[in-house]
Amino acid sequence: MSKKTKKKTTKRKSSKKKWARVDGRKPDELRPMKIESGVIPNADGSAYIEMGRNKIIVGVYGPREMHPKRFSKPNRGVLRCRYHMAPFSVDPRRSPAPSRRDQEISMVITDAIEPALFLERYPRSVIDVYAEIIEADGGTRCASINAAAVALADAGIPMKDLVSSCAAGKYDGKIVLDLGDHEDKKGESDVPVAYLPKIDEVTLLQMEGIMTQEETEKCIDLAIEGCKQVYEAQKEALKKKYGMVDEAEEKEEETGEEETVEEEEE
Amino acid sequence: MSVKFETRDIVVPGDLLYEGRIRTGENTFRREGNVYSNKVGLVNYGNDRVSVIALEGTYTPLVGDLVVGMVTDIELGQWVVDIGASTDAILTINDAINKSFRTNFDMTRVLDVGDVVVAKIVDLDRRRTPILSIVGRELGKVHEGFIMKITPSKIPRLIGKKGSMINMILRETRSQITIGQNGRILINGRNREDEELVVKVIHKIENEAHTSGLTNRIQEYLRKIKEDRK
């Protein structure tokens, strides 16, 4: 297997002078990313993310009373995530019924986010996270985790840290960051990683395909570097919501209309 | 021993606020001896304490809070009231009517499912379930008006220092406003126009809660709208 791939690589190198990815990115470059928080007015917290051609909207509800009540826990809250792909998110159309894959990814997202929350503060309650994939282009679970973390922070749910997520993998014999749909399907291997950037902990690590031990380690390191870049974008998104008003405040300070006393408490 | 931000900087969950020993205030937590933020908010250093003023928050019931809730169920001798907290609140007959009653007492005559109540949290029981009471002035079933919701963390801002903000709004709009600490606000104006004005102003306060000099700005805003109407 490895011999075969090697052959392929050398062949390519001879035909083309410079190795490039399908979309012309560098091996350690993320796809263009856009995150926005507070997009659903009726949700407690929400976020919208575009990672390459992925488009995902996430809503957070809670902490609220758990229904059905028997699933609640007496000593801690429960995090419930739902990952769902819209029928039109992929070509050909996909059945809207939750598939086995949806269920698994829902569980994986839950486990990736849970370590960042203080669930013990909300006994007998539930925090619901709904991630709806509007358009899919590889790496939706990572993008969902990124958006969910922003949405949870936007909901004002106490968190130890944000959760950033990014995949790395092997495509065409090279270790690359943030695989797109084509690289995901045609590539040799895929390693999605979720990471708590400030605590320096990995909360999700999956692997698909075949790689050597060294390559896997390299992949994980690269993915963590990617997560750190994602983290900056997430922070930016959370602060951006208040940025516009901040400028107005600065202007006012210049004109000297600022009140010296702060009216924080009643 | 060092400060990592300046007072009133925006912080996000996981941001390191202070290295070393210091008292932790609201919305912060300690890990490995350092103080971190656990919410999106404005950091505040002062009085040997680090705290974060939350910009977004969920409602945590506290004894003494005035809340606006909706009756969702009637159980044996008690009503279940949704107050927007992580658990539903309980209102027992004893706390609803200030007189003796028989066991076959028809509870729907006092409150029915779907009724909105203004209540006070009198206790948190062993499971931290809020216990409500509607015995008292200006408490009880709501008969008219409408409810709007804002983030509970912005309620102190809406009230202002010693009620300066809300008193100003009451004066300018001549509406009845009941502010629940759970982020639900009951508004009952003299006419539709006044009510719309209240909604507008509260939305403005919610959007600009993290800026300073808000009361003055709101007052100007109200005057401007009123002048435009004339």
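I began with the buried area between domain 2 of chain B and domain 3 of chain B: about 670 Å², with carbon and sulfur atoms giving 61%. Buried area here is the accessible area (1.4 Å probe) that two parts lose on being put together, summed over both. On the domain 2 side, I noted B:Leu66, B:Val68 and B:Val118 as the residues that lose the most area to domain 3 of chain B, together 63% of what that side buries.

Two notes on conventions. This is a predicted model, in which local features need pLDDT of at least 70 and side-chain atom pairs count only at pLDDT 80 or more, while totals for chains, interfaces and linings use all residues. Residues are numbered from 1 along each chain as its sequence is written, chains are lettered from A and ligands numbered from 1 in the order in which they are written, and side-chain values use heavy atoms, with hydrogens and water left out.

**Entry 1. Domains of chain B**

I looked up the bounds. The domain assignment of chain B gives domain 1 (10–54), domain 2 (66–141) and domain 3 (146–229). Such bounds come from an automatic or database domain assignment. The C-alpha centres of domain 2 of chain B and domain 3 of chain B are 27 Å apart.

Next I checked the contact (heavy atoms within 4.5 Å). It pairs 10 residues of domain 2 of chain B with 8 residues of domain 3 of chain B. I found a count of 1 salt bridge between domain 2 of chain B and domain 3 of chain B. The term needs a side-chain nitrogen of Lys or Arg within 4 Å of a carboxyl oxygen of Asp or Glu. The side chains of B:Asp82 and B:Arg184 meet in a salt bridge at 3.8 Å, N to O.

Polar contacts came next. I count a pair of N or O atoms within 3.5 Å; within protein, one must be able to donate a hydrogen and the other to accept it, and residues adjacent in sequence count only if both atoms are side-chain atoms. Between domain 2 of chain B and domain 3 of chain B there are 4 residue pairs in polar contact, both at pLDDT 80 or more. Helices (H or I, at least four residues) and strands (E, at least two) are DSSP runs, numbered from the N terminus.

By class, the side of domain 2 of chain B that touches domain 3 of chain B has 7 nonpolar, 2 polar and 1 charged residues. Ala, Val, Leu, Ile, Met, Phe, Trp, Tyr, Cys and Pro count as nonpolar, Asp, Glu, Lys and Arg as charged, and the others, Gly among them, as polar.

Most residues other than glycine have a negative phi, and most peptide bonds are trans. I went through the exceptions.

The peptide bond from A:His67 to A:Pro68 is cis, with omega near -5°. A:Pro68 sits in the loop between β3 (54–65) and β4 (78–85) of chain A. Another cis bond joins A:Asp91 and A:Pro92, with omega about 0°. I placed A:Pro92 in the loop between β4 and α2 (100–113) of chain A.

B:Glu138 is not a glycine, yet has a positive phi of about 60°. Its loop runs between β13 (130–133) and β14 (140–141) of chain B. B:Glu138 counts as exposed, at 67% relative accessibility. Buried means under 20% relative accessible area, exposed over 50%, partly exposed in between (1.4 Å probe, protein chains only). B:Lys162, also not a glycine, has a positive phi of about 50°. I found B:Lys162 in the loop between α2 (155–159) and α3 (164–173) of chain B.

**Entry 2. B:Lys39**

Is B:Lys39 buried or exposed? B:Lys39 counts as buried, at 9% relative accessibility. B:Lys39 lies in the loop between β6 (34–37) and β7 (41–46) of chain B. Leaving aside neighbours within four places in sequence, its contacts include A:Gly156, A:Pro158 and B:Asn27. The side chain of B:Lys39 makes a polar contact with the side chain of B:Asn27 at 3.3 Å.

**Entry 3. Chain B against chain A**

The contact takes 41 residues from chain B and 40 residues from chain A. I read a buried area of about 3700 Å², 50% of it from carbon and sulfur atoms. The rule finds 2 salt bridges across the interface of chain B and chain A. B:Asp15 and A:Lys198 meet in a salt bridge at 3.1 Å, N to O.
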